[in-house]
Protein chains: 2
Amino acid sequence: MLKRYLLAPGPTPVPPEVLLSMAMPIIHHRSPDFLPVLDSAKKGLQWLFQTKNDVLILASTGTGGMVGAVNNFFNAGDKVLVVNGGKFGERWTKICQAYGLKVEDVVVEWGYSIKPAAVAAALKKDPEIKGVFVQATETSTGVYHDIEGLGKVIKNYPDTLFIVDAISALVAQDIRTDEWGIDIMVGGSQKGLMLPPGLAFVSVSEKAWKKGETSKMPKFYFNFKKERENLAKNQTNFTSAVTLIIGLNEAIKMLQKEGLENVFKRHAMLAHAAREAVKALGLGLYSKESPSNSVTAIEMPAGIDGQLVYKTLREKYGITGAGGQDKAKGKIYRLAHLGYADTFDVITGIAALEMVLKHMGHDVKLGTGVAKAQELLMA
Amino acid sequence: MLKRYLLAPGPTPVPPEVLLSMAMPIIHHRSPDFLPVLDSAKKGLQWLFQTKNDVLILASTGTGGMVGAVNNFFNAGDKVLVVNGGKFGERWTKICQAYGLKVEDVVVEWGYSIKPAAVAAALKKDPEIKGVFVQATETSTGVYHDIEGLGKVIKNYPDTLFIVDAISALVAQDIRTDEWGIDIMVGGSQKGLMLPPGLAFVSVSEKAWKKGETSKMPKFYFNFKKERENLAKNQTNFTSAVTLIIGLNEAIKMLQKEGLENVFKRHAMLAHAAREAVKALGLGLYSKESPSNSVTAIEMPAGIDGQLVYKTLREKYGITGAGGQDKAKGKIYRLAHLGYADTFDVITGIAALEMVLKHMGHDVKLGTGVAKAQELLMA
């Protein structure tokens with residue numbers, strides 16, 4: 001028997017309560033049965049996003065929400081800034097370019113976080129910049145960007161939208177949409193929200209809706225104005241992904257029972273313990289600053305291939321984490337502590353890593369990292 | 001206790017086997033666990049679509065597949081024909097217009113089916129037409145369009161693509177993608193495939209791929225070239241909706257066990273029985289020709305509001321069918337027999353309709369429609 005553990009930064013494990021709620025017979029999305037379901041989901045998302053804005057619910061992956069954040073609010077030729085410090089920063093750039101926007105990348109070295117002053121300088125230099133795109137957590141490097149700090153900078157530019165991809169940060173980080181002036185924030189189901197993939201969530205500020213009125217890009221599936229009109233009636237523009245939305249309510253119920261502050265604390269503690277365990281093992285963190293609460297990117301020792309670590313963990317111990325992407329491929333192993341995660345997920349992840357590294361010939365004193373995690377996570 | 005019955009033309013009931021398969025712990029879409037799952041799904045879809053073409057699997061509703069059928073193969077300004085005989089014909093027109101195509105509607109009166117000769121005449125008149133869009137089943141009117149006949153016409157135009165929305169027809173109708181020369185065919189999960197909403201399927205012919213090379217429209221989420229490259233590696237371009245794809249395999253397994261010919265026969269028999277039962281009750285069919293095997297659109301007697309019939313069936317008997325849309329609103333009630341449907345679904349649907357009509361003051365001899373359905377469905 002090879003028992004399976006999913007410790008990747010998405011998809012993440014789905015709690016049995018949520019799985020069971022989604023195994024109930026289907027209901028019709030245009031029937032009165034569904035209205036309270038969607039009403040509850042939209043209010044729950046507002047609570048989680050810490051916003052009074054509409055939070056749209058789309059039948060797509062998070063990337064669909066990112067596309068909608070571009071094609072509903074901009075026009076071809078618009079100048080925008082993208083904070084590009086990893087694989088998902090690159091995705092913002094690619095989406096904007098696919099739609100004909102003029103992108104200026106604010107390049108951040110992989111493993112480092114954006115300095116808000118760099119964005120302030122870029123905005124000062126070019127007042128025509130219509131939007132600033134960033135990841136809250138850059139999943140490929142395990143870095144959390146300073147969203148609050150960026151918000152303070154962008155607030156000074158009434159014609160510039162602040163767009164945050166919080167797909168892998170939501171639930172794990174305390175992100176205050178309204179307080180920090182985030183105009184558009186994108187989330188996805190299969191990360192902190194503990195759901196299968198298939199839903200995107202997008203909050204939109206009044207400032208963004210107003211700017212969106214001037215957008216002339218072709219749109220149909222990701223037509224946010226129509227989604228907003230439907231949301232007001234507790235509907236979605238096209239067929240709702242009813243099963244996932246039912247699961248969403250169940251997941252939000254679990255988070256609300258725990259309390260938002262406790263949810264953030266739990267993620268912060270798990271992430272802290274994972275990092276300290278990694279250091280106790282003498283390994284380095286790939287995130288040189290501002291490590292995220294969602295995922296820990298662990299540098300592999302010289303001579304150890306991170307992809308082989310990933311593969312061996314899967315095949316020998318049934319543990320699915322994540323390797324590195326692009327330029328980090330082979331150099332790192334990523335361990336997530338995101339969503340339905342507790343103390344023993346971190347301990348399992350660290351214990352297995354110790355065993356595999358030892359197996360691969362690295363000098364490891366078994367239990368060193370585990371003991372550090374235990375110490376930090378003792379209640 | 002109000003036991004619930006879902007007899008709407010999508011979402012349709014999901015079999016317990018499928019629900020349970022989707023309640024299993026989640027697996028990672030980029031892990032080796034998922035490759036055989038996607039491989040099996042794509043082969044199963046080719047079997048169901050009766051095609052050797054790639055069948056792409058998208059995390060969206062069927063409408064997302066329709067959008068992709070436009071933005072991957074055409075350019076703004078391209079002239080296209082849309083067979084417009086109902087609410088979903090209108091959707092093709094709206095999507096094409098949203099992307100700047102020049103649409104010529106071949107208008108078909110609601111309740112009637114397209115004459116292939118009308119399309120032949122339009123193509124002959126304007127050889128610049130780059131595509132012909134149609135629904136296989138126009139769900140709003142319950143009409144099945146002659147896809148085979150249209151294929152024979154369009155085959156004569158090597159530069160014209162034939163695009164079929166088979167979202168509500170798939171599984172219920174024998175549609176031969178390759179034999180009939182369908183270039184692009186779109187399906188959805190929540191209809192005949194007996195799954196929750198959230199997946200679109202799109203088959204693409206070599207002719208369409210070739211034409212697609214000239215398409216310059218902005219695309220990112222629905223980028224079919226990238227989906228094709230990923231499909232060859234048993235992946236999807238963005239995070240796969242793993243849970244739904246696992247359910248898809250389970251649903252296809254059920255259909256394969258029954259056999260494709262038997263699946264079509266079952267739908268044809270159920271639809272025939274529903275129509276004959278309706279006639280036995282002295283009611284008219286809204287589909288004046290070529291009624292579909294997916295859904296029966298029933299004309300309401302004078303003085304009976306179809307919306308009230310829908311509402312009363314739901315509230316009094318727990319049965320969710322569908323009313324009419326737009327110009328058919330109030331005039332019809334639609335009873336589906338699609339996907340996970342058998343003899344007793346039709347009998348239940350007809351029996352309840354008899355009871356509600358009698359309740360609303362219409363002169364009904366209880367059991368008349370039911371007896372006709374019984375007679376026709378006796379094994």
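Modeller: Two strands pair if DSSP finds at least two bridges between them. This is a predicted model: local features need pLDDT of at least 70, side-chain atom pairs count only at pLDDT 80 or more, and totals for chains, interfaces and linings use all residues. Residues count from 1 along each chain as its sequence is written, with chains lettered from A and ligands numbered from 1 in the order in which they are written.

Biologist: How do you know that β2(A) is joined to β10(A) (residues 199-204)?

Modeller: Six bridges join β2(A) to β10(A), and two are enough to call it pairing. The two strands run antiparallel, and A:I57 has A:F201 in β10(A) as its bridge partner. Strands here are DSSP runs of E, at least two residues, and helices runs of H or I, at least four, numbered from the N terminus.

Biologist: What makes β2 and β4 of chain A edge strands?

Modeller: Seven strands of chain A form an open, mixed sheet in the order β2-β10-β9-β8-β5-β3-β4. β2 (54-59) and β4 (102-107) each have a single partner strand, so one side of each lacks a neighbour in the sheet. From one strand to the next, the twist averages 20°.

Biologist: Why are α2(A) and α9(A) called oblique?

Modeller: Helix α2(A) (residues 34-49) packs on α9(A) (residues 242-258) at about 45°, with the axes 9 Å apart. Under 35 degrees would be roughly parallel, over 145 roughly antiparallel, 65 to 115 roughly perpendicular, and the rest is oblique. The pair is therefore oblique.

Biologist: Which residues meet there?

Modeller: Among them are A:F34, A:V37 and A:L48 in α2(A), and A:V242, A:I245 and A:L255 in α9(A). Contact means C-beta atoms, placed from the backbone, within 7 Å. The contact has 11 nonpolar, three polar and no charged residues; nonpolar covers Ala, Val, Leu, Ile, Met, Phe, Trp, Tyr, Cys and Pro, charged covers Asp, Glu, Lys and Arg, and the others, Gly among them, are polar.

Biologist: Over in chain B, what makes B:E90 partly exposed?

Modeller: B:E90, in helix α4(B) (residues 87-98), has 17 other C-beta atoms within 10 Å. Buried takes 20 or more and exposed 12 or fewer, with partly exposed in between. B:E90 is therefore partly exposed.

Biologist: And how many residues of β11(B) are buried?

Modeller: In β11(B) (residues 295-299), four of the five residues are buried. This strand pairs with β14(B) (residues 332-336) in the antiparallel sense over five bridges, and B:V295 stands opposite B:A336.

Methods. Axes are lines fitted to C-alpha atoms, for helices over the stretch in contact, and angles run from 0 to 180 degrees between N-to-C directions. Two residues are in contact if their C-beta atoms, placed from the backbone, lie within 7 Å.
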